[in-house]
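Here is a short report on the fold and packing of one protein chain.

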Amino acid sequence: MKILAFQGSPRIGGNTDLLLDSFLKGAEEAGAIIEKIYLYRVEIGPCIECGECDDTGECVISDDMKNIYPKIDAADVIVMASPMFFYNISSRTQALVERSQARWVCKYVLKKEPPFGREKQGIFLSLGATKGKKLFEGAQRVIRYFFDAVYARYEGGLFYRGIEKKGDIKKHPSALKEAYALGKAVGEGTPPETWPLVRDPSP
C-alpha cells in the first residue's frame, strides 16, 4: 500500500499539517508506505493553458511537477490536505489541481488505461476558521474532479470547522484521533466503503 499525501498549507506545523500527520501515523503503523509532499516547499506553477499536452498527455512546463506525476501514478491512495482560504483550497493546492490537466487528457482524450492497471482512492482532509454551512462544498467538488483526472475515486474525507489559530486542532475533542483511525484503516487495506470518513461534510 503506497500512500501519497499532499500538504497544502503554507503553515508548516499548523493545523492542516498536524491533521495530516495523525492520518499518516496511523497509516504507517498499519504497514503502509507513505510519502508526504509539502506543496509550499516545491515549485509548481499553475496551468498556462498552452494546449501542448493535448496530443501527448505530457505537460511541457519544467518544474517540480515533472517528478510528482510519476509519484501520483504509482500511488494506491492519494491524500489531499488543505485549509480553506476564502471558501477555497490554498493556491499551491489549486496549482496542483490545475496541472492534472495533462492526466485528464490521458484519460479522456487519449483514452489511456489507468497507470499500473488499477484505480486509486482519493481522500480530502480539510479545515477552516469559519463555521459556514457550505464551507467545504465548492472545494470538495474541485478535489473530486482532481481525483477523477488522476484515475482516482474520491471516497470522502474529514472536515473541521472553527479551527483558526495555530494548534487549535489539538483542542478539538476528536479530530486527531479520527485522522489516525482513518489512516490506520486505509493502511490496513480495508475496503474503502468501511473507512471512517465523511462523504458529505454538510452539517
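Leaving aside its neighbours within four places in sequence, which residues is leucine 96 in contact with? The model is a predicted one. In it, leucine 96 touches Phe6, Leu39, Ile44, Met65, Ile68, Met80 and Phe146. One of these contacts can be given a distance. Methionine 65 and leucine 96 are 31 residues apart in sequence, yet their C-alpha atoms are 8.0 Å apart in space.

**Helix 3**

Leucine 96 belongs to helix 3, which spans residues 91–98. Is leucine 96 buried or exposed? Its relative accessibility is 1%, so it counts as buried. Thr93, Ala95 and Val97 are buried in helix 3 as well. The buried residues of this helix pack against strand 1, strand 3, helix 2, helix 4 (101–109) and helix 5.

The contact with helix 5 can be described residue by residue. On the helix 3 side are Gln94, Leu96 and Val97; on the helix 5 side are Val142, Ile143 and Phe146. The residues of this contact comprise five nonpolar, one polar and no charged.

What is the strand order of the open sheet? Five strands are arranged as 2-1-3-4-5, with parallel pairing. Strand 2 (33–38) and strand 5 (152–160) are at the edges. Each has a single partner strand, so one side of each lacks a neighbour in the sheet. On average, neighbouring strands are turned by 15 degrees against each other, direction ignored.

Strand 3 covers residues 77–83 and runs parallel to strand 1, residues 2–7, to which five bridges join it. Isoleucine 3 has valine 77 of strand 3 as its bridge partner. Phenylalanine 6 has methionine 80 of strand 3. Both phenylalanine 6 and methionine 80 are also among the contacts of leucine 96. Strand 3 also runs parallel to strand 4, and seven bridges join the two. Here valine 79 is paired with isoleucine 123 of strand 4.

Helix 5 lies across strand 3, strand 4 and strand 5. Helix 5 runs at about 150 degrees to strand 5.

| Pair | Axis separation | Angle | Handedness |
|---|---|---|---|
| Helix 3 and helix 5 (residues 137–149) | within 9 Å | roughly 35 degrees | left-handed |
| Helix 1 (residues 15–29) and helix 6 (residues 175–187) | 6 Å | about 35 degrees | right-handed |

Which residues of helix 1 and helix 6 meet? Helix 1 supplies Leu18, Leu19, Ser22, Phe23, Lys25, Gly26, Ala27 and Glu29. Helix 6 supplies Ala175, Leu176, Ala179, Tyr180, Leu182, Gly183, Lys184, Val186 and Gly187. The residues of this contact comprise 10 nonpolar, four polar and three charged.

**Cysteines**

How many disulfides does a search of the whole structure find? It finds zero. Cysteine 50 is in no disulfide, and its nearest cysteine sulfur, that of cysteine 59, is 6.5 Å away. Cysteine 59 is likewise in no disulfide, with the sulfur of cysteine 50 as its nearest. Cysteine 50 has 41% relative accessibility, so it counts as partly exposed. Cysteine 59 has 13%, so it counts as buried.

Notes:
Residues are numbered from 1 along each chain as its sequence is written. This is a predicted model: local features need pLDDT of at least 70, side-chain atom pairs count only at pLDDT 80 or more; totals for chains, interfaces and linings use all residues. Side-chain values use heavy atoms; hydrogens and water are left out. Helices (H or I, at least four residues) and strands (E, at least two) are DSSP runs, numbered from the N terminus. Buried means under 20% relative accessible area, exposed over 50%, partly exposed in between (1.4 Å probe, protein chains only). Contact means heavy atoms within 4.5 Å. A disulfide is a pair of cysteine sulfur atoms within 2.5 Å. Axes are lines fitted to C-alpha atoms, for helices over the stretch in contact, and angles run from 0 to 180 degrees between N-to-C directions. A crossing is left-handed if the near helix is turned anticlockwise from the far one by less than a right angle, and right-handed if clockwise. Ala, Val, Leu, Ile, Met, Phe, Trp, Tyr, Cys and Pro count as nonpolar, Asp, Glu, Lys and Arg as charged, and the others, Gly among them, as polar. Two strands pair if DSSP finds at least two bridges between them.
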